[in-house]
Amino acid sequence: MNPSRVVVEVALLCTLISGTLLAQQEPPSTDLAALDLEALMKIEITSVSRRPERLSDAAASVFVITGDEIRRSGATNLPEALRLAPALDVVQVNATSYTVSARGFINSAANKLLVLIDGRSVYTPLFSGVFWDVQDVMLEDVDRIEVISGPGGTLWGVNAVNGVINIITRSAKTTQGGLLAAGGGNRGTIAALRYGGDHYRVYGKYLDIDHTETAAGMAKDDAAHKSMAGFRGDWARGNDQLTIIGNAYRGSEGQPPPGSISIGGVKLDLGVISLSGVNLTSVWKRRFDNGSSITVQGYFDRTERDVPPTFAERLNLFDLQFIHSWRPLGMHNVAWGAEYRYGMDRLTNSAYVAFLPADLNQKWIALFAQDEIALANHLRLSIGARSERNDYTGGEFLPSARLAWNVAPDHMVWAAASRTVRAPSRLDRDTFVPGKPPFLLTGGPGVVSEIANVYELGYRGQPASSLTLSITAFHSLYDHLRTQEIAASRRSVFFGNGMEGTTSGVEMWASLQATRRWRLSGGFNGLTERFELKPGSNDTAGLIAQKGRDPRRSWRFRSSLDLSPQSEFDVVARRVSRRSSPAVPAYSAVDIRYGWRPRKGLELSVTGQNLFGKGHGEFTDVTTRTEVGRGVFINVVSRFGRGS
Amino acid sequence: MRGPVPWHWAALLIAGLVVPSCIAAPAPEYGVKAAFLYKFATYIRWPVSAPARPFVIGVLGDDPFGSTLGEVVRGQTVQGRGIRIRALTRKEEAVECDLVFISASEQPNVKAILARLRSTAVLTVSDLDQFAEQGGMIGLVTTEEKHVRFDINKAALDRAGLRASSQLLQLARIVDESPGGRR
């Protein structure tokens, strides 16, 4: 027999086996038993179903973005990753500025969504919203992002009016070894390096973001660069778990017109924004043998933002939380806790705008309790309330009741009623224009909390083994919404609470595991809003603006296909209906990513964004907003050392 | 003889491209974890062996394995004993098993379960976070690259009189147990 013939036949046999593998998609389980331990440890696993999280039992509209989904989406920053959550409205304004909202109320200073990164709240008390340009993590180290649409005030406090976004990074023991990620495209370049051991990891990241253009083709002054570094340590001993996380960043970004703060009729000489921050979070958790646990979390967060020529801010925040969960009786599952937050805000005012007083120390104190009661075998009632105290409005009360009924093992129907509150921020109360009297805008000394009463009805389940489905309908009643009122003298304006409104809508998503290697998912949001001015309010411009900000409908579609064990192909498409103020036409966007692993520990990918059709704008006025056009990003991720 | 040669080359080329997948094909998470359960049973020696009775693997809580655990152990033996799988709903039933996998659905009860099984010759395995640190014997850990590794709590094994082979210990990450766990 010819030896070369033998080689060919062996090779052919292997090809045939591989072909069978591709057809069957996986090795039979019996083969796994034949592998030795070391071989088993080298097998890469695939999870078909979402992890069996307790979240699946939660009587709320919860969507989980897994770290793997972020990787496969080709997202290069947090807001882009959040586009994976069907319930969120994510819009890009500049190269680095985004606005994120749920259930309406999108705004340049969107203020009804709470965002936490590893338990640290990143909303700013300046406008009770999020500066997305400085919220960054090493995306490769994100374990998951939990997106809860709807009120979360009882557990999370004021600001969790329309939703909570929980960004959770991986524990140190799952990120061992080195990782080097480098990518670039027509929107910028990113390089990141991480190294981890049993109980720690350290990382550094650098971003250089290119400027964008308006629809008219004018270059925008929004190029940015930023560097950040940080660490995480995790230690566990018996009943105790300790986590310490620290991050620091520094960067600068251009400030395109109309600027961070725009003042009607005034042309500002906009300068480069400089940004920096440092934060340290520590969490200690003790579990007891009877199933109860105590968690103590503290963090310090310092942020600096210089926005020439309008303002500069130095903010130090301290936060301490305590949560005790226990089961006093078989049918009860109680969690209660307290939170203390202290902010030291130092503003540098300008001739154009002033926050008065410039220096303000504020404290927030909260007490909360929630009891989940197993009423019957498949029926759970959860009632809770939070009492929170702030310096502006005093005490606020945030109660909620949630009922979950497991009609069948894989089908849950739930209902909830909640009262939730957005307490005034410095922007609502302390803003004066210009920087010196006589003022045209005289703050909002009388601004009280915005209030929402929210009713929700939902279904979540698995109608077939390969299909998961979630549908939520909501009806929210808002009162005391912020308005800008004209003073009786007609020489100045001030902030008030002259608007009320209702929003109704539906959020739904489904995921189908078509074959072992092909998953299809889709989502739809429908929203109907009605707003009215209350007697005494004259903010008709504000009313018109509020009525047209949000799209009535949005759709999302995603296909994740494993072409082979080494290559994957993903398509994400979304369509967002029009907004009328400022006018943004309806648009569709399609992103495609191809990922390839030529060898173990090395991954190459190319992502094309907005591949079809012409570009689109997403938010703010057409003369200044970024026209989001075609984008290409090539990324290389190399893993080395202990973890690989 | 010119004819067949290019064909051979083509076959080799295709094989070269596809062969690595023979080895690296990903497998479903709980298929791999089921195989680990079986492997642990073969790498650990129990203090008393009862050859008359089958080796019992219990799954406590919501069963994540589906049919895969049954497929993995079909026709296999542990020290000459056949293997039987039991679905468990109460921790008291776990005492009657040789190996118990504690499902993620039992997270709130894990301390009570471990307390009940303390010092019994039942090997406890789970993929719950920090399982071995909390007093469990073997914790399955999924790494960032989606490989399954395992933690061994040697103190808990010793207490139960279970002896792990040196090969198993070499591949494991050995974790400490706090004084709290020994109370």
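## Helix H6 of chain B

The buried residues of H6(B) are covered by elements of chain B that include strand E3 (55-60), helix H5 (91-94), strand E6 (99-102) and strand E7 (123-126). Helices (H or I, at least four residues) and strands (E, at least two) are DSSP runs, numbered from the N terminus. A residue is buried if 20 or more other C-beta atoms, placed from the backbone, lie within 10 Å of its own.

Helix H6 spans residues 110-117 of chain B, and its buried residues are B:Val110, B:Ile113, B:Leu114 and B:Leu117. Seen down the axis of H6(B), these fall within an arc of 95 degrees, so they line one face of the helix. B:Ser119, with a positive phi near 65 degrees, follows H6(B).

## Basis of the model

This is a predicted model, in which local features need pLDDT of at least 70 and side-chain atom pairs count only at pLDDT 80 or more, while totals for chains, interfaces and linings use all residues. Residues are numbered from 1 along each chain as its sequence is written, and chains are lettered from A.

## A sheet in chain A

In chain A, five strands form an open sheet with mixed pairing, in the order E2-E7-E8-E5-E6. Strands E2 (61-66) and E6 (120-121) of chain A stand at the edges with a single partner strand each, so one side of each has no neighbour in the sheet. Strands pair if DSSP finds at least two bridges between them.

Strand E5 (residues 114-117) of chain A runs antiparallel to E6(A) and is joined to it by two bridges. A:Ile117 stands opposite A:Arg120 in E6(A).

## Chain A overall

Chain A has eight helices and 37 strands. Its C-alpha trace spans about 105 × 65 × 45 Å along the principal axes. Of the 644 residues in chain A, 43% are buried.

Note on methods
Buried ≥ 20, exposed ≤ 12 C-beta atoms within 10 Å, placed from the backbone. Arc of directions from axis to C-beta. Contact = placed C-beta atoms within 7 Å.
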